[in-house]
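I opened the model to look up its nonpolar cores and its aromatic rings. My entries are below.

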Amino acid sequence: MSDLIFDIGMHVGQDTHHYLQAGYRVLAIEANPILVENAQLKFKKEIESGKLTILNVGISDREGILPFYRNLRLSEWSSFDKEIGSRNNTKFEQLDVTCTTTKILFEKYGIPYFMKIDIEGNDHFSLRDIPSEGNKPQYVSCEACSIDWLNLLKEKGYTKFKVISQGDNFKPINIDKEKQNLYVKSQVIKNGIKLRLQKFISFKHPVGSSGPFGETTKGDWLTYDEAANVYNMFYQKDGTPLNPVSWFDFHATY
């Protein structure tokens, strides 16, 4: 078994820190040069020991330089998609960032045990580069932004899935709860409090991180049909979510 993890979309390094603490080697990908500079200082010892490699690159379907929209209000909103990077009419700055492909990363660094993808609209580029046959990451997670991304995981040979709520302590999606106004309000309050507390207290999985992965994720693995069904129940036939605050990740294995 490989001890390598790809953290595609390192952001502020919450997940990278967790993977390193768990004993894995990490290849961290981040397009935002400011976040990369901060992480190089934060993880100086891990970089020097060879446990961590950080690349200041974006992920695309080809090599080249693309405009990156760094959101000046919330760094997690930064994206190669201008609409995402400037959402809610927030201020941004445009940067030229070198991009590569996940296929090239596989060829240079090897196939990881787990691949986390969270790159604000570009997750599908990494999913498409997963080999359809032969060696592939045993576990993958990505943002649950589109049923097409779940379909891609199925096409790549993954057979077991979870839809994990990022705002509900990384639990499997619960449609009944998602419909309740009291639940939605309580999530806003609880996550707001935790966001403030985690500035002073270290949490294993902070708000904003991707949380547990692989067999440490909560709940039972679902079939493709079961995962697609709960996803579609949340977003309903017209694409309207049951509530405006919940967000999810797909997890997959074979």
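These notes go from the cores to the ring pairs and then to charges over rings.

I worked on a predicted model, where local features need pLDDT of at least 70, side-chain atom pairs count only at pLDDT 80 or more, and totals for chains, interfaces and linings use all residues. Residues are numbered from 1 along each chain as its sequence is written, and side-chain values use heavy atoms, without hydrogens and water.

**Cores.** I took a nonpolar core as buried Ala, Val, Leu, Ile, Met, Phe, Trp, Tyr and Cys residues joined through side-chain atoms within 4.5 Å. Buried means under 20% relative accessible area, exposed over 50%, partly exposed in between (1.4 Å probe, protein chains only). The largest core has 38 residues, and Leu-127, Leu-153 and Phe-250 have the most contacts inside it. I then found a second, separate core of 17 residues, which includes Tyr-24 and Tyr-139.

**Ring pairs.** I paired rings of Phe, Tyr and Trp (its six-membered ring) with centres within 6.5 Å; planes under 30 degrees apart are stacked, over 60 edge-to-face, the rest tilted. I got 16 aromatic pairs. Tyr-69 and Phe-92 are edge-to-face, with centres 5.8 Å apart and planes at 75°. Tyr-69 is buried at 9%; Phe-92 is partly exposed at 31%. Tyr-113 and Tyr-139 are also edge-to-face, at 5.5 Å and 75°. Tyr-113 is buried at 13%, and Tyr-139 is buried at 5%. Both belong to a ring cluster that also includes Trp-221.

**Charges over rings.** I required NZ of Lys or CZ of Arg within 6 Å of the ring centre and within 35 degrees of the ring normal. Lys-162 sits over Trp-221 at 4.6 Å. Lys-194 sits over Phe-203 at 5.0 Å.
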